[in-house]
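Biologist: I have a set of chains on my screen and would like to go through them with you. Could you bring the model up, please?

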4 protein chains.
Amino acid sequence: MSPRTSEQFKNIRLKKRQLIMDAALKVISEKGYHTASIALIAKESGVSKGLMYNYFKSKEDLLIAIMVDGFSKVFDQYVIDNRLSPEENVMMLIEQTFDVLDTMQETLMVYFSVLMNNEVFTLVKDKLNEIVEPIMEGFTQVMARLGYENPIAEAYFLRFILDGISMNYLLIPEQFPKEYCVNRIKQIYITQK
Amino acid sequence: MSPRTSEQFKNIRLKKRQLIMDAALKVISEKGYHTASIALIAKESGVSKGLMYNYFKSKEDLLIAIMVDGFSKVFDQYVIDNRLSPEENVMMLIEQTFDVLDTMQETLMVYFSVLMNNEVFTLVKDKLNEIVEPIMEGFTQVMARLGYENPIAEAYFLRFILDGISMNYLLIPEQFPKEYCVNRIKQIYITQK
Amino acid sequence: MSPRTSEQFKNIRLKKRQLIMDAALKVISEKGYHTASIALIAKESGVSKGLMYNYFKSKEDLLIAIMVDGFSKVFDQYVIDNRLSPEENVMMLIEQTFDVLDTMQETLMVYFSVLMNNEVFTLVKDKLNEIVEPIMEGFTQVMARLGYENPIAEAYFLRFILDGISMNYLLIPEQFPKEYCVNRIKQIYITQK
Amino acid sequence: MSPRTSEQFKNIRLKKRQLIMDAALKVISEKGYHTASIALIAKESGVSKGLMYNYFKSKEDLLIAIMVDGFSKVFDQYVIDNRLSPEENVMMLIEQTFDVLDTMQETLMVYFSVLMNNEVFTLVKDKLNEIVEPIMEGFTQVMARLGYENPIAEAYFLRFILDGISMNYLLIPEQFPKEYCVNRIKQIYITQK
DNA sequence: GATGAATGAGAGTTCATTCAT
DNA sequence: CATGAATGAACTCTCATTCAT
């Protein structure tokens, strides 16, 4: 029996790392960062507690990895296309927002729960800013093309609206007036222009 | 000296209870619920650990009390005055929102941090709904008077905007475009009407 | 039942603190610092693991407390009496050394085991130096009175001899030629003078 | 290429074994036995963790091997030459002692740190005695030739002095009065005779 | 022979909660 | 009413050792 090649080891590591991150995301989104114990995450991953520390040097490190990974995926879905009209871009943003909300609930639950917890947020703040910044620039460009005098502020304003909507969509999905909100934002940014 | 009446005892209890809740709110808003230990809260209150359990039967119980109490105070500040025009009421809502944000940051930080943690939120959900419901009704009436076809959905929509704004105002106060946002909401609900 | 006075609490604390330190000294002297687990020390003390941290903020802190306490006691037994002749003082030093070795074996075992372990020694180095320094000054004075040209170096030399003797007395007590060594040192410092 | 002979294999094994022991000695002398993890020693050796267990059946086994090996080397440097005068032999002993201290600090640091930890010392005690015994016999012969009535006890006494000196030379090299000590021992054993 | 992923026991530590006084 | 000593379960994390490849 020949020993495993370093290629094989690398593959094992990558797969198991992802396995652990997926399980951790699930558990943390359900119970919150502090209540999700390493023991529980290990159990959910089908992995020993000890092994977790072969892949992540601490619980904090695991959280950061999950957040950064999840957020890259989230914001990869936000795309500004300059060949389209700004109105079309706004419509895309709205659609993309709800797409993300539907497909990445767990990630977003963790995001929001971490967001307001200074203690934990500090750990990921910088990493998240790096990811969010280019999106905000895209927003700003669209607002400029829509003719807003203060496109930066308007980009923030749209972000705030989408934040409020996202949070409530996750918290009270059954009573959330999705269609109404979509139309309402369109009306604000498109029809009334 | 005559012995204290049971009325006096009750007052002392209420005051000490409030003292503990205030200290707990402070500590929890600074360090987060899990990191704020009972020992620390007791110290901050100037009360022994043992005595805390005379006033609150558990740490969770204390958290619930703080949340409910804080929320009553928060929403007491939201008033709809039917003698005023709906436009004036919207303007009041906006002002009231920022008033609350400025005066009750601690309460709101704790609220938001607890919000996305299912486990804890479940405990206060019903209580909070009781408190929020009448406010939402007020919002709905205003929207009806403003002529919206679906005033319930529009009330929700405004709430979502205010939620998004509140969250970000707390998180990024220094870069928050307050004036712009105030004017923008006025524009949506008043000028354009 | 009236609550305990703060005096009573203080007494309880002092007694239990000493109880833990005694048990810890015993266990550490038998098994070494690293092998002596908090669980074991707690068991030996008849106290819960958790309580240990009510008295010492860490295992390191406990070690330091034990060492400093033990060393104060050890070196309190070394006394230079200037009314006596320097020869008499040397004889006293020798007697005191064996007294200490006979009565404080545990403390000295811990001292020697910690001494050569940089990692652990660093923790107590400064505290121990404070305690040892005055003793060394006493040694130096005696050597000066005995007429040594370099009394500081000679004080060190005597200390080195006593260190070597102490270490071996603890390690190989059954084959240690105690009487011979006592006489030999006397011969070096007294008879031959 | 002809296949390697079993002799060659044996050599390769011995070399790698020594490689591991050297790395382990370095790491253990720096961090102490308990803090020096197998992972770290493996890394320092450039050998996998698994392979280490091919050469040493446990961490303890590795420690014992290091100690025994180091001690053979240490005491190989102590030579009694009966063709020389006993005074010359004493002078050689002193020189050899400082030679060993200067060239084998790491080994000696580990020796001293392990010495007072009963648990570990027990394991190497017998092996060390085997090595030390012939040296002690040499010391005894020299003392007999110097005319001491109890040469065994005097040999011990010299050993204790050298132990005390060695320990302190390792611990406080910068303030150690080396020249003074060398002359002082000469004075005791040679001049005063 | 050689690898490092994987384990499991146990380490130090924290903390909500209880209870004798 | 009031105290803080005391507990015990759970926490994060480490590490010598094993084993499939």
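**Chains, contacts and residues**

Modeller: Chain A and chain D do not touch, and their nearest C-alpha atoms are 12 Å apart; contact here means heavy atoms within 4.5 Å. Before we go on, this is a predicted model, in which local features need pLDDT of at least 70, side-chain atom pairs count only at pLDDT 80 or more, and totals for chains, interfaces and linings use all residues. Residues are numbered from 1 along each chain as its sequence is written, chains are lettered from A and ligands numbered from 1 in the order in which they are written, and side-chain values use heavy atoms, with hydrogens and water left out.

Biologist: How far apart are the closest C-alpha atoms of chain B and chain D?

Modeller: No contact joins these two chains. The closest C-alpha atoms of chain B and chain D lie at a distance of 30 Å.

Biologist: How many helices and how many strands are there in chain A?

Modeller: Helices (H or I, at least four residues) and strands (E, at least two) are DSSP runs, numbered from the N terminus. Read from that end, the elements of chain A run α-α-α-α-α-α-α-α-α. The count for chain A is nine helices and zero strands.

Biologist: What percentage of the residues of chain A count as buried?

Modeller: The C-alpha atoms of chain A fill a box of roughly 70 × 35 × 30 Å along the principal axes. Buried means under 20% relative accessible area, exposed over 50%, and partly exposed in between (1.4 Å probe, protein chains only). Of the 193 residues in chain A, the buried share is 50%.

Biologist: How far apart do the centres of the positive and negative side chains of chain A lie?

Modeller: Lys and Arg count as positive and Asp and Glu as negative, while His and the chain ends are not counted. Each charge is placed at NZ of Lys, CZ of Arg, CG of Asp or CD of Glu. Chain A has 22 positive and 25 negative side chains, and the distance between the two centres is 9 Å.

Biologist: Why can we say that chain D and chain C meet through the same surface?

Modeller: Chain D can be laid on chain C by a turn of 178° and a shift of 0.1 Å along the axis, with an RMSD of 0.7 Å. The residue of chain D closest to the rotation axis is Gly164(D), at 1.7 Å (C-alpha). The copies meet through the same surface because the share of interface residues of chain D that are also interface residues in chain C is 95%.

Biologist: Is Asn168(A) buried or exposed?

Modeller: Asn168(A) is found in helix α8 (residues 151-171) of chain A. Leaving aside neighbours within four places in sequence, Asn168(A) is in contact with Pro173(A), Phe176(A), Arg159(B), Phe160(B) and Asp163(B). With a relative accessible area of 3%, Asn168(A) is buried.

Biologist: And is Arg83(C) buried or exposed?

Modeller: Arg83(C) has its place in the loop between α4 (59-76) and α5 (86-103) of chain C. At 74% relative accessibility, Arg83(C) counts as exposed.

Note on methods:
Least-squares fit on C-alpha atoms with pLDDT ≥ 70 in both.
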